[in-house]
Amino acid sequence: GHPWGYGEDDGPASWHKDYSIAKGNRQSPIDIVPSETVYDDSLPPLTVSYEHCTSVNISNNGCSVAVEYDDSEQGPVIEGGPLEDAYRLKQFHFHWGHDDCHGSEHTVDGKTYASELHLVHWNASKYQTFGEAAAAPDGLAVLGVFLETGEEHQGLHKITDALYMVKFKGNTTDLKDFNPKCLLPKSPNYWTYPGSLTTPPLHESVAWIIFKEPIEVSEKQMGKFRMLLFSEEEENEKCMENNFRPPQPLKGRKVCASFN
Ligand SMILES: CC[C@H](CNC(=O)c1ccc(S(N)(=O)=O)cc1)c1ccc2[nH]ccc2c1
Ligand SMILES: [Zn+2]
């Protein structure tokens with residue numbers, strides 16, 4: 001049938017009709033309430049090893065814009081923190097709004113950010129493929145980074161300057177050797193909790209690791225995301241914006257903080 005989207009009729013409020021897990025016990029995103037998080041001094045530091053980074057392409061998949069990595073052999077991995085195994089980078093993508101005052105998926109004490117970057121990793125120590133890992137409770141780890149408008153972000157230019165090449169759903173263009181380490185904030189402080197994919201199929205397979213410190217990007221850079229389209233060439237144009245799911249019930253989950 002008609003696939004899911006972010007519109008009036010196919011948006012987050014109706015996803016449960018095709019994906020009953022939408023009303024599950026570990027859904028994402030959530031509102032992070034810092035005063036209710038638990039400082040876990042036993043949380044080891046998160047190690048991000050993005051040295052060998054072979055990005056392959058950037059593509060418009062009809063719900064976001066994603067930069068894919070060649071995850072066939074050893075590559076960029078994260079480990080430590082709440083993770084038992086090493087998780088391999090598969091892709092990163094963004095969620096954003098119609099304007100700079102909302103667009104993030106996670107919120108902090110109800111505060112929304114202009115955008116949220118998701119770096120998607122899968123447990124290649126335990127599973128053979130991303131699809132298999134994506135359906136397993138310990139299969140994925142996603143790093144979340146908030147974007148707020150301010151100074152231009154020098155590292156993001158390579159991405160925003162390529163967006164005009166992937167304006168339509170289904171467009172893909174080469175993007176080689178982009179190292180996403182430059183998109184991480186300075187501070188290592190993060191919150192972590194067990195959650196899900198924030199888009200259908202909404203699998204409850206994600207260890208979420210959300211950095212507390214946002215990165216700054218310029219309004220001009222944010223504006224380039226908003227010239228992307230949900231629609232294919234020859235279809236009537238639908239602006240790609242507000243591609244975020246609102247916060248979901250915490251259902252008793254504990255949110256841990258790596259900092260006091
Ligand atoms: C299993 C789902 C996967 C497509 N979806 C994702 O990869 C994905 C990744 C991250 C996030 S977020 N916003 O939470 O970071 C949301 C969705 C996926 C992968 C392979 C597939 N083959 C056919 C269908 C299909 C779907
Ligand atoms: Zn996402």
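So, Lys90 sits over the face of Phe130, 5.6 Å from the ring centre. By that I mean NZ of Lys or CZ of Arg within 6 Å of the ring centre and within 35 degrees of the ring normal. Lys111 does this with Tyr113, at 4.8 Å from the ring centre.

Quick housekeeping: this is a predicted model, where local features need pLDDT of at least 70 and side-chain atom pairs count only at pLDDT 80 or more, while totals for chains, interfaces and linings use all residues. Residues are numbered from 1 along each chain as its sequence is written, and side-chain values use heavy atoms, with hydrogens and water left out.

Now, ring on ring. There are 11 aromatic pairs here, meaning rings of Phe, Tyr and Trp (its six-membered ring) with centres within 6.5 Å; planes under 30 degrees apart are stacked, over 60 edge-to-face, the rest tilted. Take Tyr69 and Phe92: their centres are 6.2 Å apart with planes at 40°, so that one's tilted. Tyr69 is in strand 5 and Phe92 in strand 7, 23 residues apart. (Strands are DSSP E runs of at least two residues, helices H or I runs of at least four, numbered from the N terminus.)

Are those two buried or exposed? Tyr69 is buried at 4% relative accessible area, and Phe92 is buried at 0%. Buried is under 20%, exposed over 50%, partly exposed in between, with a 1.4 Å probe and protein chains only.

Next, Trp96 and Phe225 make a tilted pair, 5.1 Å centre to centre and 50° between the planes. This one links strand 7 to helix 3, 129 residues apart. Trp96 is buried at 0%, Phe225 at 1%.

And ring pairs join Tyr69, Phe92, Phe94, Trp96, Phe178 and Phe225 into a cluster.

Note on methods:
Chains lettered and ligands numbered in written order.
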